[in-house]
Amino acid sequence: MLHQLKIGQTGQILSVKGEERLQNRLYDLGLLPNTAVTLTGRAPFGDPLELSLRGYSLSLRLSHAKQIQIKEESVS
């Protein structure tokens with residue numbers, strides 16, 4: 001899941017779970033399947049997360065990040 005990435009780690013979105021309204025909102029924000037996303041930071045208490053994707057930064061609630069399944073990209 002997206003919330004399990006470590007800072008600086010990148011993953012590829014596989015799917016977005018949750019109710020349809022949340023899915024649509026996350027899709028509107030660019031969190032679509034096959035999109036690469038990098039965790040760039042966390043707030044002091046871990047919520048929200050700061051992500052980098054599609055050339056911009058996005059802050060996302062931890063509860064929403066738990067709805068996004070990713071495939072972690074291996075480091076070569």
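In which sense do β2 and strand β3 pair, and over how many bridges? The two strands pair in the antiparallel sense, over four bridges.

The model is predicted: local features need pLDDT of at least 70 and side-chain atom pairs count only at pLDDT 80 or more, while totals for chains, interfaces and linings use all residues. Residues are numbered from 1 along each chain as its sequence is written, and side-chain values use heavy atoms, with hydrogens and water left out.

**View 1. The hairpin of β2 and β3.** Strand β2 covers residues 36-42 and strand β3 covers residues 49-53; strands (E, at least two residues) and helices (H or I, at least four) are DSSP runs, numbered from the N terminus. Gly41 has Glu50 in β3 as its bridge partner. Six residues lie between the strands of this hairpin, where Gly46 takes a positive phi near 90 degrees.

**View 2. The open sheet of five strands.** The strands follow the order β4-β3-β2-β1-β5, with antiparallel pairing; two strands pair if DSSP finds at least two bridges between them. At the edges stand β4 (56-60) and β5 (68-72), each of which pairs on one side only. On average, neighbouring strands are turned by 40 degrees against each other, direction ignored. For such angles, axes are lines fitted to C-alpha atoms, for helices over the stretch in contact, and values run from 0 to 180 degrees between N-to-C directions.

**View 3. Strand β1 and its partners β2 and β5.** Three bridges join β1 to the antiparallel β2, and Thr10 stands opposite Thr38 in β2. Five bridges join β1 to β5, also in antiparallel fashion, and Ile13 stands opposite Ile70 in β5.

**View 4. The largest nonpolar core.** This core has 17 residues, and those with the most contacts inside it include Leu2, Ile13 and Leu26. A nonpolar core is a set of buried Ala, Val, Leu, Ile, Met, Phe, Trp, Tyr and Cys residues joined through side-chain atoms within 4.5 Å. The helix α1 (20-28) and the strands β1 to β5 each supply at least two residues of the core, and β3 gives the most, with three residues. Leaving aside neighbours within four places in sequence, Leu2 is in contact (heavy atoms within 4.5 Å) with Val37, Leu51, Leu60, Ala65, Ile68 and Ile70.

**View 5. Gln4 in the segment before β1 (10-16).** Gln4 counts as partly exposed because its relative accessibility is 48%; buried means under 20% relative accessible area, exposed over 50%, and partly exposed in between (1.4 Å probe, protein chains only). The C-alpha atoms of Gln4 and Lys66 are separated by 8.4 Å, although the two residues are 62 residues apart along the chain.
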